[in-house]
Amino acid sequence: MSVFAMNESKSALKSRRAGKRKVKQAFASHIGAIAQSGDGSAAVLSEDVDASKAASILLNEKNFPKKRFFRSRAHCNPLSHNDGFDYPLSPEEANWSIMYPNIPQHDRIVRILDIGMGFGGLTVTLAKLFPEKLVLGMEIRAKLCEYVRLRIEALRLECKGEYQNASCIRSNCMRYLPNFFQKEQIEKMFFCFPDPHFKSKNHRRRIVSHNLLTEYAYFIKPNGRLYTVTDVKELHDWHVEKCSAHPMFDRLPDEEVLRDDPAVQAMIDTTEEGIKVQRNKGSKFFAVYRRRENSELPNVSDVLNLL
């Protein structure tokens with residue numbers, strides 16, 4: 001390699017490193033400049049010069065976040081100790097006015113949960129499909145949660161009067177759902193393309209398990225629905241095995257839900273992961289379960305008599 005080529009290569013490397021530093025500084029300035037106004041609407045402090053520069057880098061001309069600056073690691077250990085989450089001590093103490101500032105207080109009851117929302121494709125689609133229901137996306141990764149928050153704010157500005165029923169929050173759903181939701185509050189709960197955690201020793205990190213299904217059944221109303229979709233056949237078989245074996249859930253026929261429930265096709269087609277699978281001509285596997293009525297459950301004494 002010639003001296004000229006080596007110098008050109010070093011110059012390009014320095015330029016890339018400077019660009020990465022610029023993005024990191026912009027993201028840090030953006031996060032630091034977010035303020036919550038009295039009515040709960042988020043805003044970047046306009047008089048902050050660094051924040052203005054950050055916005056010009058992270059957002060496009062329509063104030064939508066640029067996805068390339070918010071990408072995050074695909075894997076996260078939900079069982080690790082983490083004090084970075086803010087959560088109420090009980091559902092009664094949850095302040096939903098921050099997330100749904102234009103919804104009347106008596107209507108601020110979340111009915112649809114998108115757990116592990118990623119870049120929020122399904123969250124915003126569900127808000128459009130069910131405008132009378134509050135939709136909440138939950139995500140453990142900070143960058144993705146901030147991306148979805150900015151995306152929803154931009155959609156609210158672009159489509160006046162719409163997407164007021166959509167919001168997101170950063171939390172660990174394997175730990176803190178009881179801090180946010182009441183018994184039988186949720187009508188639809190989605191698990192779209194969750195982390196497969198392939199290694200056997202990590203199966204306890206999977207978002208669907210017998211113990212967690214018991215917790216989900218507590219929050220889902222009778223005849224409410226639990227949705228799963230993945231592009232990993234082994235994980236789909238795991239979902240089916242765990243959900244079908246749980247006494248609180250009953251699988252609905254695939255043909256029936258595809259025909260009658262618009263949320264199923266939305267779950268398959270509108271998540272960013274689903275779009276990528278479709279682009280790569282991969283397979284998608286889904287299952288929908290009904291939360292059984294309490295009257296359908298076997299009597300505890302009858303079960304004990306059979307043992």
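Arg290 lies in strand S9 of this predicted model, in which local features need pLDDT of at least 70, side-chain atom pairs count only at pLDDT 80 or more, and totals for chains, interfaces and linings use all residues. Residues are numbered from 1 along each chain as its sequence is written, and side-chain values use heavy atoms, with hydrogens and water left out.

With a relative accessible area of 16%, Arg290 is buried; buried means under 20% relative accessible area, exposed over 50%, and partly exposed in between, with a 1.4 Å probe and protein chains only. Its side chain is joined to that of Asn223 by a polar contact of 2.8 Å. A polar contact is a pair of N or O atoms within 3.5 Å; within protein, one must be able to donate a hydrogen and the other to accept it, and residues adjacent in sequence count only if both atoms are side-chain atoms. Leaving aside residues up to four places away in sequence, Arg290 touches Asn223, Gly224, Met248, Phe249, Asp250, Leu252 and Glu296, where contact means heavy atoms within 4.5 Å.

**The sheet and its helices**

The chain has eleven helices and nine strands. Helices (H or I, at least four residues) and strands (E, at least two) are DSSP runs, numbered from the N terminus. Seven strands form an open sheet with mixed pairing, in the order S5-S4-S3-S6-S7-S9-S8. Its edge strands are S5 (166-170) and S8 (249-251), each of which pairs on one side only. Two strands pair if DSSP finds at least two bridges between them. On average, neighbouring strands of this sheet are turned by 20° against each other, direction ignored.

Strand S9 (residues 285-291) pairs with S8 in the antiparallel sense over three bridges, and Tyr289 in S9 is the bridge partner of Arg251. Helix H6 (residues 210-219) lies across S6 (186-192), S7 (220-230), S8 and S9, running at about 135° to S7. Helix H7 (residues 233-245) lies across S7, S8 and S9, and runs at about 15° to S9. For these angles, axes are lines fitted to C-alpha atoms, for helices over the stretch in contact, and angles run from 0 to 180 degrees between N-to-C directions.

In helix H10 (residues 272-279), Glu272, Gly274 and Val277 are buried. The buried residues of H10 pack against H3 (121-129), H4 (142-158) and H9 (262-269).

**Backbone positions with positive phi**

Most residues other than glycine have a negative phi.

| Residue | Phi | Location |
|---|---|---|
| Tyr163 | about 65° | loop between H4 and S5 |
| Glu184 | about 55° | loop between H5 (173-176) and S6 |
| Lys281 | about 60° | just after H10 |

Tyr163 is buried, with a relative accessible area of 14%, whereas Glu184 is partly exposed at 26%.

**The chain as a whole**

Of the 307 residues in the chain, 45% are buried. Among contacts with a separation of 6 or more, residues 24 or more positions apart account for 78%. The chain exposes about 16900 Å², of which carbon and sulfur atoms supply 52%; accessible areas come from the Shrake-Rupley method with a 1.4 Å probe, and for residues only the protein chains shown count as cover.

A search of the whole structure finds zero disulfides, a disulfide being a pair of cysteine sulfur atoms within 2.5 Å. Cys173 counts as buried at 6% relative accessibility, as does Cys192 at 9%.
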